[in-house]
Amino acid sequence: MSITKFNLNQISKEIHTPWAPTDIETVNNAVIRIAQFNGQYHWHKHDHQDEIFLVFKGKIIIQTKNGDILLNENEGVKIPQGVEHCPSSIEPSIVLMFEPLQLISKGD
């Protein structure tokens with residue numbers, strides 16, 4: 001069994017396409033994904049999985065029907081399953097997402 005470390009600064013420099021999550025590492029039945037957020041995504045929900053967003057660099061807003069959630073660098077939020085949401089960036093941002101492996105990033 002080999003153990004490999006990863007560097008978020010290096011990985012984030014290699015991301016050039018917005019809204020295209022890249023898997024960093026898997027842990028049991030979950031995955032850590034990284035993506036560039038630039039502009040607005042689309043409204044969607046995940047009927048059977050929770051999702052965590054953690055801002056590594058930048059500033060984003062996650063819109064929900066119950067209000068907007070502003071996330072600055074080093075802040076995160078869990079979006080529970082079934083909650084419709086729409087991520088947007090205030091500036092180009094790098095965001096980590098902690099999700100079940102089977103979660104489809106584009107939503108249900």
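Me: Which residue stands opposite Val77 in E6?

Reply: Phe53 does. Before we go on, this is a predicted model, so local features need pLDDT of at least 70 and side-chain atom pairs count only at pLDDT 80 or more, while totals for chains, interfaces and linings use all residues. Residues are numbered from 1 along each chain as its sequence is written, and side-chain values use heavy atoms, with hydrogens and water left out.

Me: What makes E3 and E6 a pair of strands?

Reply: Strands here are DSSP runs of at least two residues, numbered from the N terminus, and two of them pair if DSSP finds at least two bridges between them. Strand E3 (residues 51-57) and E6 are joined in the antiparallel sense over 4 bridges, so they meet that definition. As background, strands of a sheet pair through backbone hydrogen bonds, either parallel or antiparallel.

Me: Which strands stand at the edges of the sheet of 5 strands, and why?

Reply: The order in this open sheet is E1-E2-E8-E3-E6, with antiparallel pairing. Strand E1 (22-27) and E6 each have a single partner strand, so one side of each lacks a neighbour in the sheet. From one strand to the next, the twist averages 20°, an angle between N-to-C directions, on a scale from 0 to 180 degrees, of axes fitted to C-alpha atoms. At the E1 end, E1 and E2 pair over 5 bridges, and Thr26 has Val31 in E2 as its bridge partner.

Me: What is the order of the sheet of 3 strands?

Reply: That open sheet runs E5-E4-E7, again with antiparallel pairing.

Me: Why is Ser93 called buried?

Reply: Buried means under 20% relative accessible area, exposed over 50%, and partly exposed in between (1.4 Å probe, protein chains only). Ser93 comes out at 1%, so it counts as buried. The residue sits in strand E8 and touches Ala35, Gln36, Phe37, Lys57, Gly58, Lys59 and Ile60, leaving aside residues up to four places away in sequence; touching means heavy atoms within 4.5 Å. A polar atom of the Ser93 side chain also lies 2.7 Å from the backbone oxygen of Glu91.

Me: How do you know that Arg33 and Asp23 form a salt bridge?

Reply: The term asks for a side-chain nitrogen of Lys or Arg within 4 Å of a carboxyl oxygen of Asp or Glu. For Arg33 and Asp23 the closest N and O atoms are 2.7 Å apart, so the pair qualifies. The two lie 10 residues apart, Arg33 in strand E2 and Asp23 in strand E1. Arg33 is buried, with a relative accessible area of 8%, whereas Asp23, at 44%, counts as partly exposed.

Me: What is the N to O distance between Glu99 and Arg33?

Reply: Their side chains meet at 2.4 Å, in a salt bridge. This one links Glu99 in strand E8 to Arg33 in strand E2, 66 residues apart, and both residues are buried.

Me: Why are Lys78 and Asp50 called partly exposed?

Reply: Lys78 has a relative accessible area of 48% and Asp50 one of 31%, so each falls between the two limits. The closest N and O atoms of their salt bridge are 3.6 Å apart. Lys78 is in strand E6, and Asp50 is in the loop between E2 and E3, 28 residues apart. Elsewhere, salt bridges with shared partners join Asp23, Arg33 and Glu99 into one network.

Me: What makes a group of residues a nonpolar core, and how many residues has the largest one?

Reply: A core is a set of buried Ala, Val, Leu, Ile, Met, Phe, Trp, Tyr and Cys residues joined through side-chain atoms within 4.5 Å. The largest has 13 residues, and among those with the most contacts inside it are Phe37, Phe53 and Ile60. Strands E2, E3, E4, E6 and E8 each give two or more residues to this core. A second, separate core of 8 residues includes Ile15, Ile24, Ile32 and Phe56.

Terms used:
A polar contact is a pair of N or O atoms within 3.5 Å; within protein, one must be able to donate a hydrogen and the other to accept it, and residues adjacent in sequence count only if both atoms are side-chain atoms.
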